Amino acid sequence: MARCGPFLGRRRGYDAVTAVVFAFLLCLIVPSFRLPRLCFLAFAEDGSGRRDLRRVILRDEATARLNVLGKISDAEDHLERTFMSPASLRAGNQIHEWMEDAGMRTWNDGMGNVHGRVDGRNPSGKALLIGSHLDTVVDAGIFDGSLGLISAISALKLLNVTGKSSGLERPVEVIAFSDEEGIRFQSTFLGSAAIAGILPPSILNFADRSGATVRDVLMETVGDTSEKNLRELKYDPNSVWGYVEVHIEQGPVLEWRGLPLGIVSGIAGQTRLRVTVRGSQGHAGTVPMSMRQDPMPAAAELIVLLESLCKHPVDFLSFDEYCKDSTIEVLANSLVCTVGEISSWPSASNVIPGRVSFTIDIRAMEDKGREAVIYELSSRMYKTCDRRSVICTIERKHDANAVKCDPELSTRLKLAAQTAMKEMNGGMDQQEVPVLMSGAGHDAMAMSHLTKVGMIFVRCRGGVSHSPEEHVLDDDVWAAGLATLTFLESQIGSPFCVHTM
Ligand SMILES: NC(=O)N[C@H](N)C(=O)O
């Protein structure tokens, strides 16, 4: 076993107390910022009494950090961090601190993204970007987004403390994106789309429920809301090598297969619509049923129509030249539609509402098929609204086409996942790493407009996500960190510091 420093790696022959006292004294007398931390980590004990830096950083510290981040919330009784909210800014500061602790150069950009970079041996080379998101849904779990950030920071920290990060062939940059869920402004990927250069300037005028626009929020937080600022956030594609994201699966396949990691082949395209149904507001006790123009049952009928269409697209769609290369099977296998938010005005039990509005989220692996569904749905919805004498408007709030992950990058990630799983399995070979399609959207979708993308999925309990019940085993957090580390180690050219812990 070769070591980068005198106190890294396993040392036998000391009892724990002697070792810690010795390390503590050394840390006091060596005037280096980094050495005390190394000393502490090098002497951390694992359950079997052996010192194992990988376990300490990639598992124990990573899970502790996920819990810390999971407590940074705008609400007292649940986890909620939306784009540039006070809790999001606090979470960004925390990520900043951990990036610095991992030896990264850090900065924030004009869209609230937090960056940490390690230059490696070739600071002007094309950078490997690794990212995920800082924001959460309302009443979120603690792993969605955060796991990818913590895995990347932990893996880079390990490379740093073992003296390997300066051997990286290319710069590695971790980016904590400010908005992937799109909760506050109903338009997802504000952070990653800005970096990919696909964020339209019109986004600055989008308003949240309080009426505050993206422009207002940026003015208050970063102080520059010019379109020029927005344009300058875009990365030059020639400065980027590729983008990698680690994320919880948010589905049940890995758990069902009994494996901690999987590779993503592609991400379903998605569209978000807002439907508003306007009727005639009135008294619940006095307007006869035959004389009502009630938007609530109209909305209910539209929602049931959506469900029927998405459950049985074959019964509704005929494939013409517009989507001639679509197959109904591909569409039917991946099509999912959701109404997640509904509101009425004035929302009182004794008032026939004047207005009902609801969101529709439509996803499919097949973009033309998704368009065909939206077209068919819209025309049937308008007919239903006419029949019921209510006025309907359908707005498109967000679109992202399906994305295919890069085959070569995916092969490398698969190898890294396989190696990590083998290590977790005591060196025994595991089953093949599963390859999955993602029904959930990811920052990788926006980043695919800039560079090649690849993703690793991590098993979560019951496949549950977007819920406080979301859970990832500590050992699976470790597997995620190990896979990231292994992938990064494959980016180290000639042996710089061979280290076998
Ligand atoms: N990973 C996710 O949950 N991403 C998205 N916000 C989504 O799929 O809606």
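Student: What makes the span of helix H13 (residues 367-387) close to the expected one?
Tutor: H13 has 21 residues and reaches 30 Å from its first C-alpha to its last, close to the 30 Å expected. The expected span is 1.5 Å times one less than the number of residues. Helices here are DSSP runs (H or I, at least four residues), and strands are E runs of at least two, numbered from the N terminus. This is a predicted model: local features need pLDDT of at least 70, side-chain atom pairs count only at 80 or more, and totals for chains, interfaces and linings use all residues. Residues are numbered from 1 along each chain as its sequence is written.

Student: Which residues of H13 are called buried?
Tutor: Gly369, Arg370, Ala372, Val373, Leu377, Met381 and Cys385. Buried means 20 or more other C-beta atoms, placed from the backbone, within 10 Å of the residue's own.

Student: What do the buried residues of H13 pack against?
Tutor: Their partners include strand S7 (269-278), helix H10 (295-311) and strand S13 (391-400). Contact means C-beta atoms, placed from the backbone, within 7 Å.

Student: What surrounds the ligand?
Tutor: Asp144, Glu180, Glu181, Thr188, Gln250, Ala440, Gly441 and His442. Near means a C-beta atom, placed from the backbone, within 6 Å.

Student: How does that shell divide by class?
Tutor: The shell has 1 nonpolar, 4 polar and 3 charged residues. Ala, Val, Leu, Ile, Met, Phe, Trp, Tyr, Cys and Pro count as nonpolar; Asp, Glu, Lys and Arg as charged; the others, Gly among them, as polar.

Conventions. Buried ≥ 20, exposed ≤ 12 C-beta atoms within 10 Å, placed from the backbone. Contact = placed C-beta atoms within 7 Å.
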